[in-house]
Amino acid sequence: MLAAALRSLRAGFGHRSGGWVAGGGQGLLCGGFAGVRVGALHFVRASKVPSGVARHNDSVTTGLAGAIEHDAAPRMGSSKQIVLIAHDQRKADLVEWARYNRTTLGAHQLFATGTTGALLAEELELPVSRYLSGPLGGDQQVGAAIAEGRIDLVIFFSDPLAAHPHDVDVKALLRIAVVYDIPIACNRASADFMLSSPLMRATYARRPPMAVER
């Protein structure tokens, strides 16, 4: 069976209408494409495949095995997925801000890291999905959620006047948010402007991350 699959794969590379693209997960094979599975990989014949990038039903796949598909036009719904984060000296400020904006926040899905999440859930009496504490990997979890399309907005009340042992994780989180065109508010004023925007109640298509050749 494996030998037959490889023969079919080699034939696909030589097909003049396109090539083969490999992916490690479901969702790569779609209607109108012929596919063959070899172990954990799923090879799909696509027509007119550009070098290094293949498009399937408005999705972009880069690389080969284990590649992650990203929507060509990531779209936020009218209900946003908002993550709330605060350094220790800013937690009280964030809780006060969230209390004032409770009605608006209640229309969206809320996420938070560690202690901040516990404080917000108790104060707001709203469901808050919690990640780990920032220094214990919570910031990295948020970054992964952004890359996987599970976070739309980041509200991060940071403390720029104090040293933080996990500062490298914070920088990585902010970097990935910029890469994926995620709105970021790092203080009360920017959070006020963000939450009062009419776009909070509308759908919005973010720009997709650029395909990077490796």
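Visitor: Which way do strand 8 and strand 9 pair, and over how many bridges?
Guide: Parallel, over four bridges. Strand 9 covers residues 109-113. This is a predicted model, by the way.

Visitor: What stands opposite Gln 81 in strand 9?
Guide: Gln 109 does.

Visitor: And strand 11, how many bridges join strand 8 to that one?
Guide: Five. Strand 8 and strand 11 run parallel too, and strand 11 spans residues 153-157.

Visitor: Which residue of strand 11 is the bridge partner of Ile 85?
Guide: Phe 156.

Visitor: Is strand 8 mostly covered or exposed?
Guide: Mostly covered. Six of its six residues, 81-86, are buried.

Visitor: Which residues sit on which side?
Guide: Gln 81, Val 83 and Ile 85 are on one side. Ile 82, Leu 84 and Ala 86 are on the other. Both faces are covered.

Visitor: Why the every-other-residue pattern?
Guide: Because side chains in a regular strand alternate between the two faces of the sheet.

Visitor: Switching to helices. At what angle do helix 2 and helix 7 pack, and how far apart are their axes?
Guide: The angle is about 25°, with the axes 11 Å apart. Helix 2 is residues 91-100, and helix 7 is residues 188-195.

Visitor: So what do you call that, parallel or antiparallel?
Guide: Helix 2 is roughly parallel to helix 7, because angles under 35 degrees count that way.

Visitor: Left-handed or right-handed crossing?
Guide: Right-handed.

Visitor: Which residues make the contact?
Guide: From helix 2, Asp 93, Glu 96 and Trp 97. From helix 7, Arg 188, Ala 191, Asp 192 and Leu 195.

Visitor: Backbone next. What is phi at Glu 125?
Guide: About 55°, so positive, although Glu 125 is not a glycine.

Visitor: Where is Glu 125, and is it buried or exposed?
Guide: Glu 125 is in the loop between helix 4 (114-124) and strand 10 (128-131). Glu 125 counts as exposed, at 65% relative accessibility.

Visitor: What about phi of Asp 181?
Guide: Near 60°, again a positive value in a residue other than glycine. Asp 181 lies in the loop between helix 6 (167-179) and strand 12 (184-185). Asp 181 is partly exposed, with a relative accessible area of 30%.

Visitor: Now the whole chain. How many helices and strands?
Guide: Seven helices and 13 strands. Of the 214 residues, 40% count as buried.

Methods. Residues are numbered from 1 along each chain as its sequence is written. This is a predicted model: local features need pLDDT of at least 70, side-chain atom pairs count only at pLDDT 80 or more; totals for chains, interfaces and linings use all residues. Side-chain values use heavy atoms; hydrogens and water are left out. Buried means under 20% relative accessible area, exposed over 50%, partly exposed in between (1.4 Å probe, protein chains only). Helices (H or I, at least four residues) and strands (E, at least two) are DSSP runs, numbered from the N terminus. Two strands pair if DSSP finds at least two bridges between them. Axes are lines fitted to C-alpha atoms, for helices over the stretch in contact, and angles run from 0 to 180 degrees between N-to-C directions. Angles under 35 degrees count as roughly parallel, over 145 as roughly antiparallel, 65 to 115 as roughly perpendicular and the rest as oblique. A crossing is left-handed if the near helix is turned anticlockwise from the far one by less than a right angle, and right-handed if clockwise. Contact means heavy atoms within 4.5 Å.
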